[in-house]
Amino acid sequence: MEDIIKTEDVVCIFNRGLPDEMVALRGVSVEIKRGEICVLRGASGCGKTTLLSLIGCMARPTSGKIMVRGRDVAKLTERFLTEIRRSTFGFIFQQFNLIRELTVFENVALPLYPLDSTFLQIKHMAEEVLGKLHIIHKKNAPIRQLSGGEQQRVAIARALINNPEIILADEPTAHLDSKLSNDLIDIMVNLNKEGKTIIIATHDPEVFEHAFINRTIFMKDGLVREVRTQ
Amino acid sequence: MFNKRKKIIEFALSSLLRKKYKNLAIIIVFSVIISIISSILFLTNSLKKEAFQLFVDSPAIVVQKLSGGRHELIDIAYIDEIKKIAGVGEVQPRFWGYYFDSLTDSNYTLLAIDSKKDKRLDLIKGTLPEKDGQCAIGAGVARVRLSVINDDMLLPLSEDNELNVKITGVFSTDSNILTNDLIVLTKGDIIRFFDMPEGKATDLTVEVFNDGEVATVAKKIKRMFPATRPIQKSELVRTYDTLFNWRGGMMIVMFVGALAAFAIFAWDKATGLSAEERREIGILKAIGWETSDVLELKFWEGFVVSILSFLSGIILAYVHVYFFGATLFEPALKGWSVLFPQFTLLPFIDTYHVFIVFFLTVAPYVASTIIPSWKAAIAGPDSVMRS
Ligand SMILES: Nc1ncnc2c1ncn2[C@@H]1O[C@H](COP(=O)(O)OP(=O)(O)O)[C@@H](O)[C@H]1O
Ligand SMILES: [Mg+2]
C-alpha cells in the first residue's frame, strides 16, 4: 500500500524567537498507509495535536516536509491548504467545536456553504450523513439541547459531509463515558471498512488497546519513539 | 458562485436573527444618529435652495428710506434722479407692506405687481388681479384662511373700514418661500389699504447693467439721497447666509458625524469580538471556510444592519424635515420663522448628500464589523484545536 501521509523531519516551533518559544515537534518522520487505522499515542503535551494539525493542513511546519497523497503541502498558500483540507480531511475535534446556537442540520451543512452546491444538494448530503449516524431525528434541534454523545455524532457527521478520504480525530473520547467511547470506536471501524484512512490522537487506553489498530505511533517530547504495526 | 453567495447571505441573515435584540438595538440607535445627520443636511440644503430662488429674481439694488432707523415711504420723484446715474437701467417703485391678520394670527405680505415680466407670474393658478377689488394669494394664506379661487377676502383696515377683494388666483406651492404669505393686490388697492400719500412708494428697485458696478451705483445713490439705504443683492445674500448659518450647519453635521462614528467605534472596541464570535470564526475556518468567505459573511452582516439603519434614518429625516417642519431644530431656526411665519419646506433631496451620509455611516460600520473578524480569521485554523 502507498503512503497516504508521509512526514519528513518535521519541526514545529511556536512563538519562535520570543521568550516563550516552544518546540512542539523536533523532527518527526512518519508514514501512514492508505486504509489504515493509525493511533498517535503519548502523554499530554508530547505534540500529538500539533502533528495532527500539520497533517490536516491546519498549520504549516517550521521546517520539514509533509506529503499528502504524494504532494508536499508545507509550502502551499492558504487557499490551497483550505482546498486540500476541504477535499481530503474530515476533522473530529476534542471539544466538538459545534456552534451551539445553530441546529444540528446547520452545523453539519456549514462546511458546504462556501462551495457552489445548491441548497437542495446540501440538504441531501446532510440528511445522508445524519441518517448514517442515527441522529437524523434531531435534525432541527439546536446543539445546546443535545447530550454529549449526540453532539459527538453531529461532529462526526460534519466531518463526513465532504466525503473525506482521511479522518483526523483528536482525543475523540476525552468527553465520553466508556459506552459512548465504544460506540465511537465502532463508528470509526465502520468508516475504516468503507475505505477511509483514520488517524486518532489519544492517550485513552480504551482506544489504543483496541485490536483494530493497524499502526501505533508512540510520541514523547516532540519526537517519535517507536512505531508498531500489526 | 451565485449559490455560494446566496448561502453566505442566508447564513449572515440567520446569524443576525440569532442575536436579534442586540442587532435591533444597534439598528435603532444607528437610525437615530443617521436621521439627525441627514435632517441637518436636508434642512440646510432646502433652505439654501429656497434662498437661491429668492435671490435669482431679486433686483440688484433696493432703495429704502430710513428715518430715525425706521423704514419710511420713499419719494417716487427720486426715480428720475437715480436713472441719471451711469449704468442704471430700469428703476421701479414697489408698493407693499406687512399686515398682521388677527383673525388667523399670522403675518401677510401685501404686494402690488404690475410688471408683467415678473418671474413669479409663471407660478400662478388662476390669474393675477387685473382691476381693483381682486387679489391673488399664496398657498400659505389660502391654507390658513381656508380660501379658494372666487372666494371673497376681507381685510379689515380700521374699526369701520375694510378692504373686500375677490380671489382670482392662488399661487402654487412650488414657489413656497416667495409666495407663501403673499397677497397680491392692484397698486390702487395697496395705496388705499396702507393709506399711502400721493407720490410715495414703499421702496425702489434699481436695475444695474453691469454686476461689477452695483457697489458704485449704491454709493452714488447714498451720496445723492443721504436719508436712503440702498441694499445690494449681495448684502442680502450675506444676511441670509448668516441666517441659515450654513457653515454652522456643516459644523454640526461634521460634529455629529464624527461623534457617531466615534461612538460606534468605541462601542465596537469595548465589545470587540466576544470569545464566542472568535470561536465561531475559528470553527468556520477549520471546517473549510476561507478567510475571504468569513469576510464575506461579516460584510453581509454589517451591510444588512447598516443599510437598514441608513434607510430608516433617511426616511425618518425626510418625515421630520418635510412633514413636521424640522420641529426638533425649531430653536435653531428662530430667525427664519420670524421672517416666514407659516413656512414649510419644499421636499428636496440632493443625491450628493445622501451619498455623503451613506459613506459617513454605512462604510465605517461595515469596516468596524469586518476588521476585528478579519484579525480573527487570518489566525491559523489550528487555534480551534486547542483552548
Ligand atoms: N499555539 C501554541 N503556542 C504555544 N505553544 C503551544 C501552542 N500549541 C501547542 N503548544 C505547546 O506545544 C506542546 C505540544 O502541544 P500539543 O501538540 O497540544 O500536545 P498534545 O496534543 O500531545 O497534548 C505543548 O507543550 C503545548 O503547550
Ligand atoms: Mg492534544
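Q: Which residues touch the most other members in the largest nonpolar core?
A: Keep in mind that this is a predicted model. The largest nonpolar core has 94 residues, and those touching the most other members are A:Ile5, A:Phe89, A:Leu110, A:Ile199 and B:Trp289.

Q: Take A:Leu110, then. What does it touch, leaving out residues up to four places away in sequence?
A: From chain A, A:Leu110 touches A:Ile99 and A:Leu102. From chain B, A:Leu110 meets B:Phe11, B:Leu284, B:Ile287 and B:Trp289.

Q: And what's in the second core?
A: That one is separate and has 39 residues, including B:Val63, B:Tyr78, B:Ile137 and B:Met196. As a general point, nonpolar side chains in soluble globular proteins tend to be buried together.

Q: OK, on to rings. How many aromatic pairs are there over all chains?
A: The count is 17. One of them is B:Phe30 with B:Tyr365: the ring centres are 5.2 Å apart and the planes sit at 40 degrees, so this pair is tilted.

Q: Where do those two lie in chain B?
A: B:Phe30 is in helix H2 (residues 20–56) and B:Tyr365 is in helix H13 (residues 351–378), so the pair ties together parts that are 335 residues apart in sequence.

Q: Are they buried or exposed?
A: B:Phe30 is buried, at 3% relative accessible area. B:Tyr365 counts as buried too, with 7% relative accessibility.

Q: What about B:Phe358 and B:Phe359, how are their planes set?
A: Their planes are at 90 degrees with the centres 5.4 Å apart, so that pair is edge-to-face. B:Phe359 counts as exposed, at 52% relative accessibility.

Q: Which rings link into a cluster?
A: Ring pairs join B:Tyr99, B:Tyr108, B:Phe193 and B:Phe194 into one.

Q: What lies over the face of A:Phe208?
A: That's A:Arg41, 3.6 Å from the ring centre. Over in another part of chain A, A:Lys139 lies over the face of A:Phe105, at 6.0 Å from the ring centre.

Q: Switching to ligand 1: how many residues surround it, and which are the closest?
A: There are 13 around ligand 1, and the closest are A:Gly45, A:Lys48, A:Thr49, A:Thr50 and B:Arg386. The surrounding residues come from chains A and B, so the site is shared between chains.

Q: Which backbone atoms lie by the oxygens of ligand 1?
A: A backbone N or O atom of A:Lys48 lies 2.9 Å from a ligand 1 oxygen. For A:Gly47, the distance from a backbone N or O atom to an oxygen of ligand 1 is 3.1 Å. A:Cys46 has a polar backbone atom 3.3 Å from an oxygen of ligand 1.

Technical notes
Residues are numbered from 1 along each chain as its sequence is written. Chains are lettered from A and ligands numbered from 1 in the order in which they are written. This is a predicted model: local features need pLDDT of at least 70, side-chain atom pairs count only at pLDDT 80 or more; totals for chains, interfaces and linings use all residues. Side-chain values use heavy atoms; hydrogens and water are left out. Rings of Phe, Tyr and Trp (its six-membered ring) pair if their centres lie within 6.5 Å; planes under 30 degrees apart count as stacked, over 60 as edge-to-face and the rest as tilted. Helices (H or I, at least four residues) and strands (E, at least two) are DSSP runs, numbered from the N terminus. Buried means under 20% relative accessible area, exposed over 50%, partly exposed in between (1.4 Å probe, protein chains only). A charge sits over a ring if NZ of Lys or CZ of Arg is within 6 Å of the ring centre and within 35 degrees of the ring normal. A nonpolar core is a set of buried Ala, Val, Leu, Ile, Met, Phe, Trp, Tyr and Cys residues joined through side-chain atoms within 4.5 Å. Contact means heavy atoms within 4.5 Å. A residue is near a molecule or strand if one of its heavy atoms lies within 4 Å of it. A polar contact is a pair of N or O atoms within 3.5 Å; within protein, one must be able to donate a hydrogen and the other to accept it, and residues adjacent in sequence count only if both atoms are side-chain atoms.
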